[in-house]
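Open the model in your viewer and keep the sequence panel beside it. The stops below say what to select and what is there.

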Amino acid sequence: MNNEEIIVSKIFDRFEFARDKIHVQKRLRIISDPFSREEFEQIIEYLHDELGFKIAHHIVGIDYGEDLGFIYMLGNDEHIIFALKEKVSKENPEINSMTKYYPSLLMHELELVDLFGAIVKDLPDVPSYPLPDGWPKGNHPMRKDWNPAYFDHKTMTYNPPAKEVKEDEKQ
Amino acid sequence: MSDNSSNRIVIPLGPQHPALKEPGSFTLTLEGEKVVNAVIGIGYNHRGLEKALESRTYIQNLYMIERICGICSHTHSVAYCQAIEEMCGVEIPMRAKYIRVIIAELERLHSHLLWLGVAAHEIGFDTLFMYAWRDREMVLDMLAELCGNRVNYGINTLGGVRRDIDDNDAHEIKKILRVLHNQISYYLELATNEPTLIARLADVGKLNHDDALKFGAVGPVARAAGIANDVRKIEPYAAYDEVPVNVITDDHGDVLGRTLVRVKEMLESISIIRYCLDNLPAGEILAKVPRKVPAGEMISRTEAPRGENIHYINSDGSDIPYRIRVRAPSEANWHGMKHMLEGSFLADVPIAIAAIDPCYSCTDRAIFVNSDNGESRLYDWKGLREYSIKWHRDRGLNIADIQIPMAKNYIQIQRKTND
Amino acid sequence: MKIRLPGRILMKMLTTLVSKPATNTNPYDATNIPSKYRGRIVYDSSTCIGCGICMRDCPTKSLRVENIGTKENKKFIMHYSLGRCIFCCQCVDSCPKKSLSQTRDFLLATTDSSDLEEIMR
C-alpha cells in the first residue's frame, strides 16, 4: 500500500459517508467526488489537522449547471495533490471561509466571490478582487450562462437579449 | 517616544511600474524608513483568459495558453499538452519529450538571465543588467532558430512537438552554451565574492524556512529558504525521469539566496541541455491525438522558471474544454510578499518585490477588460480625454477645467514631422 | 574581488572604441531571419479541397475559405486577415493537402489598415 492509499483508507475509517467517494487517480493525485458543505468541512479539518495537508495550492471554481463546485487543491510534505470538492446549489451558494486553516486561500476565495457569485462567510474586509471598479452587481463572468458578447464595456452594463421566444415555447 | 503612530506616512508605490515594468500597487505605511504595513493590490492585468479558453477548441487553446505569460510560455503549454495527452491515453515519442526538455531549459536560462538583469537594475548595478541581457539575447536568438520565434515559441502541440532539432542546431546550441557557461560562472563568482553586491542583497526580503512553508512559497523563493521543492524531481514529467537533475537549494532565505539559487540553476540548466543533446533519441516527434478529449479531469504540474505551475483541466467529452484553471507560480509567491515587505526599509522594497520574479499577467487571468463582440474601439486624443474626465468625475474629481496645452503642441510636432 | 590585471579596463576601452556596434543596422543591412521563422502565410488554390480545417483550427479566425466557382466546378479563394493573424502556423500544420505554407516574410507594416485584408488565389 502506498502513501496515497493509506491516506484514503484513513479517511474512510474516520468518515463512513466518504467511503468510495475518494479515489487515487495516479501517483501523487487523490481526487474526491463532490461533498456537501458539512461533510466537506469535516474532511478538510481532518486533512489539515491530522493528515498533514498544510499547503493549499488554489481553489478551482466550476459551474456544474444547477450547482457550483469548488475544488480545493491541497498539498502535503510528500507533494501529493488532494483535490477535495465541495458542491453547493446556485440558489444558496454559501460556503465558509477556509482561511482559518489556509491563510493563502484568501485571494482565491475573493475570486470565487467575484467570478462565481459564491457567498463566502467570515471574509476579512478587503477590497474586491479581481473585477474592476464599477462592475455591475450580480454579474459573475465565469458562470456558464454569462456570455461576454452581451457585456458593454463602455457603459459597464450587461444586456442579455430578451428571452420571450423561449417563454412562448413553454406555454 | 512610546507611540510612533503619529509619525506614520502612507505612500503608494505603483500601480505603474513599481519594480518591474508591470502594474501592481503597493500601499506602504512607513514609520521613518521602516515599512510597518503593506497592502498589495493586484488585478490590473486581467484579460479574461479562463473564460475565453472555454469557448475555443483544444487546438486553438494551445496558442491562448502560451500567451498567459510571455516569459514562461513553454512551461504553460507543456502542462496543458501533457494533461490532454494523458486524458486521451496517448504516449508521446521520446524524441519529442527530449525536445520539450531542451526548450524548457533554454526558457529557464532566458528567464533567469532576465531576472538577474532586472534585479541588478533595481539595486543600481546597471553594468550587470547590460551583461545579463546581452547574454539573454543569445538564448533568445537560439530559441528563434529552433522554434521560429523569440517568445511564444509555438513548439508544443498536442501529441508532441512541431519542430525538430537537427545536428546543425545542436552544434549551434553547444557553441552558445560554452559562451554562456563562462559568463554565468563569472556571475556566480561575482555573487559570492563581490562585497557590495552581498552587502546590498543580504538580509533583504527575508523569508525563512518555516514562513516559506506556511505561505506556500514555490520555486527559487522556496529553494532559497532551504526547501528542496522541484517538480522536475518530485514528479518527473517529459524526459526528466531520464535526465539527471540536481535540485539547487540555499539556506540564506533572502534576496542573496535567491540570486545564488537562480545563478546556480542556470549552470544546472546548461548541463541538462548538454545531456539532452548528447542523448537525443532518434525517431518520430509527433503522435496522433484525437480532436475530442474523453470526459474526465486531470491535474498536471510542471516546474516553471518561477516555480510550480499547476493546470486543472476538466473535459466533458467534446472538443472544447469545460473548465481550465491555471495556478501560475507567481500566484503562490504573492502570499509571502506582505511578510517580506513588513519590517524592511523603503529602499529595499523594489528589490524585494523583484526578487520573487513576479509575473502579473500570470497571476491575473480571469477578467474581461474588453467586450468580445468583435469590434475594437479607437480613442482619439479628445475622446480619451473625455473618457478620463468622466472617469474622474464619477469618482468625485473635476479635472474638466484643466487645460492641457500639450495637445496643441503635439499636433504642431506631428505636422513638422509630416513636412 | 581582486583586480587581476591592472590594465584590463584600458584594454577594454580601446577595443570598444574600434569594435563594431552590437546591433545590426536594419533596414540597411541584411537582417538575420531564422530559417524556421514563421511569417506570412501563402496559399495555393490549385490543391485546396475546401475542407475548412484551417478555418476551424485558426485561433484568431483570420482565415476564411470561399468557393467562387459552381458546385460542380469548384474554385476556392482565401480571405486572409494579416491584422488578426498571430503567425502561429497552425493552419500550415493542419492542412491535409499542404495548400498553405509559411514564408519568412515579416516586413508587413502598413499605414493603411485595408492593406491587411488580403485575398489569396
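Which helix of chain B lies across strand 6, strand 7 and strand 8 of chain B? Select residues 73-88 of chain B: this is helix 3, and it lies across those three strands, running at about 150° to strand 6. Helices (H or I, at least four residues) and strands (E, at least two) are DSSP runs, numbered from the N terminus. Axes are lines fitted to C-alpha atoms, for helices over the stretch in contact, and angles run from 0 to 180 degrees between N-to-C directions.

Before going on, note that this is a predicted model, in which local features need pLDDT of at least 70, side-chain atom pairs count only at pLDDT 80 or more, and totals for chains, interfaces and linings use all residues. Residues are numbered from 1 along each chain as its sequence is written, chains are lettered from A and ligands numbered from 1 in the order in which they are written, and side-chain values use heavy atoms, with hydrogens and water left out.

Now show the strands themselves. In chain B, 3 strands form an open antiparallel sheet in the order 6-7-8; two strands pair if DSSP finds at least two bridges between them. Strand 6 (296-304) and strand 8 (323-327) of chain B are at the edges with a single partner strand each, so each has one side without a neighbour in the sheet. From one strand to the next the twist averages 10°. Select 307-315 of chain B, which is strand 7; strand 6 of chain B pairs with it in the antiparallel sense over 9 bridges. Among the facing residues, B:Glu303 stands opposite B:Glu308 in strand 7 of chain B.

A salt bridge here is a side-chain nitrogen of Lys or Arg within 4 Å of a carboxyl oxygen of Asp or Glu.

Colour chain B by secondary structure; it has 17 helices and 8 strands. Of its 419 residues, 58% are buried, where buried means under 20% relative accessible area, exposed over 50%, and partly exposed in between (1.4 Å probe, protein chains only).

Which residues touch the most other members of the largest nonpolar core? They are B:Leu109, B:Leu180 and B:Ile184, in a core of 65 residues. Such a core is a set of buried Ala, Val, Leu, Ile, Met, Phe, Trp, Tyr and Cys residues joined through side-chain atoms within 4.5 Å. Among the elements giving two or more residues to this core are helix 4 (94-122), helix 6 (167-193) and helix 11 (255-278) of chain B. Helix 4 of chain B gives the most, with 14 residues.

Centre on B:Ile184. Beyond its neighbours within four places in sequence, B:Ile184 is in contact (heavy atoms within 4.5 Å) with B:Leu109, B:Val263, B:Met266, B:Leu267 and B:Ile270. Another core, of 44 residues, lies apart from this one and includes A:Ile22, A:Leu74, A:Met98 and A:Ala118.

Next, select B:Arg95 and B:Asp164, whose side chains meet in a salt bridge (2.9 Å, N to O). This pair links distant parts of the chain: B:Arg95 is in helix 4 of chain B, and B:Asp164, 69 residues apart from it, is in the loop between strand 5 (160-161) and helix 6 of chain B. B:Arg95 is buried, with a relative accessible area of 11%, whereas B:Asp164 is partly exposed at 33%.

**Where chain A meets chain B**

Show chains A and B together. The contact involves 43 residues of chain A and 41 residues of chain B. About 3,800 Å² is buried between them, with 58% of that from carbon and sulfur atoms; buried area is the accessible area (1.4 Å probe) that two parts lose on being put together, summed over both. On the chain A side, select A:His79, A:Met142 and A:His153, which lose the most area to chain B, together 15% of what that side buries.

How many salt bridges does the rule find across the interface of chain A and chain B? There are 5. One pair to select is B:Arg325 and A:Glu111, which form a salt bridge with closest N and O atoms 3.3 Å apart.

**Where chain C meets chain B**

Last, bring in chain C. Here 19 residues from chain C and 28 residues from chain B take part in the contact. The area buried between chain C and chain B is about 1,900 Å², with 39% given by carbon and sulfur atoms. The count between these chains is 3 salt bridges. Select B:Arg291 and C:Asp57 to see their side chains meet in a salt bridge (3.0 Å, N to O).
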